[in-house]
Amino acid sequence: MRGRHEVWSWKTASKESLCLMWQKVKVHLMLSMSFLTALFWYCRRLYSFLAQLLKRWSNYLQRQLIRNLSVLPEVDLLGYSGREWKGETKQAKQMREAYEELFRSCHIKYLRQVRRDNYSVIRAVLFQIFSQGIPFPSWMKERDILKLPEKLLYSQGCNWIQQYSFGPERYTGPNAFGKLRKCMEALKTNWAEISATRDHEERGSMCNTLFSDESKEYKLYEAIKFIMLYEVVEAHEQIRNKPVHNLFSLLFARDSSSDPLSFMMNHLNSIGDSICLDQVELFLLGYLLEVKIRVYRLHRFNTEEFQVNYPDEYRREWNEISLLTEDDHYYHIPLFRT
């Protein structure tokens, strides 16, 4: 009897010990499960918070990029027309009809808006040259454009280029020569790098980056302005001895640009600041860049001047780019789809 009692007591004690141990393990398990559940919930909330933060930051950067872009992403042509030219005024109806004609007959389905400032037309032209990978014009391959400011100042005695003004900066002075050289370097470097990029998407990305940096952009435009001045100086020296292109005759026939100095003071210095390129200067721009610039002038709809080429005389091997304007002041880039 005593042995049975001892065995029973041992079993009872073991059972109670196991139950007590299980209770402790159970408590630890429950605490661990609660901790893991809380940790999982916390990690999930943290992941959700970080994802939202990343999304907001990404959207912010995208908005900043778009805000800084001077050439916006493409939009539907007729949608843009409907938003910009609401109402039933004569002008609004004519503009909508002009846009519909571009859509129907010219296969222009989209456009890229270009920032509305006094560099608008130069920006639209350069952006297309870069995005299409158009190489340097032939004359630029034969000469080092970095030496043009030096040549104009020293070889041709044009010390008046110290009065050159850099658009909105309105800078003139003894450092104009150094600033011009930096502008020429920026144009040559970026043009060479982008035109050497064969992949279209990569080239487009490079253009978007370049045309969202105002300081770099303005150097390009000032370089183009200076090249225009250089060409005018060259033509003015040659006109006494041999025939020059008709556009120079038109340019020198104006009272405000009868010689290179007056051309610079009365026209070039204000471009980018208070005025943009006019029709004669558009001829000059296409000529020196060796591109045919086809402009759709919507305010001239139903006239012979609705489509105009700059210059009107061009070589067959020149590349073609297109512009769209509503007022001969601000320009956009039309996109063709067949």
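Author: A nonpolar surface patch of about 1,100 Å² is formed by Met-33, Phe-35, Leu-36, Leu-39, Trp-41, Tyr-42, Leu-46, Phe-49, Leu-50 and Leu-53. This is a predicted model, in which local features need pLDDT of at least 70, side-chain atom pairs count only at pLDDT 80 or more, and totals for chains, interfaces and linings use all residues. Residues are numbered from 1 along each chain as its sequence is written, and side-chain values use heavy atoms, with hydrogens and water left out.

Reader: Why is Leu-36 called partly exposed?

Author: Buried means under 20% relative accessible area and exposed means over 50%, with partly exposed in between (1.4 Å probe, protein chains only). Leu-36 has 48% relative accessibility and therefore counts as partly exposed.

Reader: Why is Cys-158 called buried, and how many disulfides are counted?

Author: Cys-158 counts as buried because its relative accessibility is 5%. A disulfide is a pair of cysteine sulfur atoms within 2.5 Å, and the count by this rule is 0.

Reader: What makes Arg-297 count as buried, and which residues does Arg-297 contact?

Author: Arg-297 has a relative accessible area of 6%, so Arg-297 is buried. Contact means heavy atoms within 4.5 Å; leaving aside neighbours within four places in sequence, the contacts of Arg-297 include Gln-279, Glu-305, Phe-306 and Asp-328.

Reader: What puts the buried residues of H10 on the same side?

Author: In helix H10 (residues 246–253), the buried residues include Leu-247, Phe-248, Leu-251 and Phe-252. They cover an arc of only 130° around the axis, which puts them on the same side of H10.

Key:
Helix = DSSP H or I, 4+ residues; strand = E, 2+ residues; numbered from the N terminus. Arc of directions from axis to C-beta. Patch = residues over 30% accessible without salt bridge, like charges linked within 9 Å, V, L, I, M, F, W, Y side chains within 5 Å. Areas by Shrake-Rupley, 256 points an atom, 1.4 Å probe, with all protein chains shown as cover. Salt bridge = Lys/Arg side-chain N within 4 Å of Asp/Glu carboxyl O.
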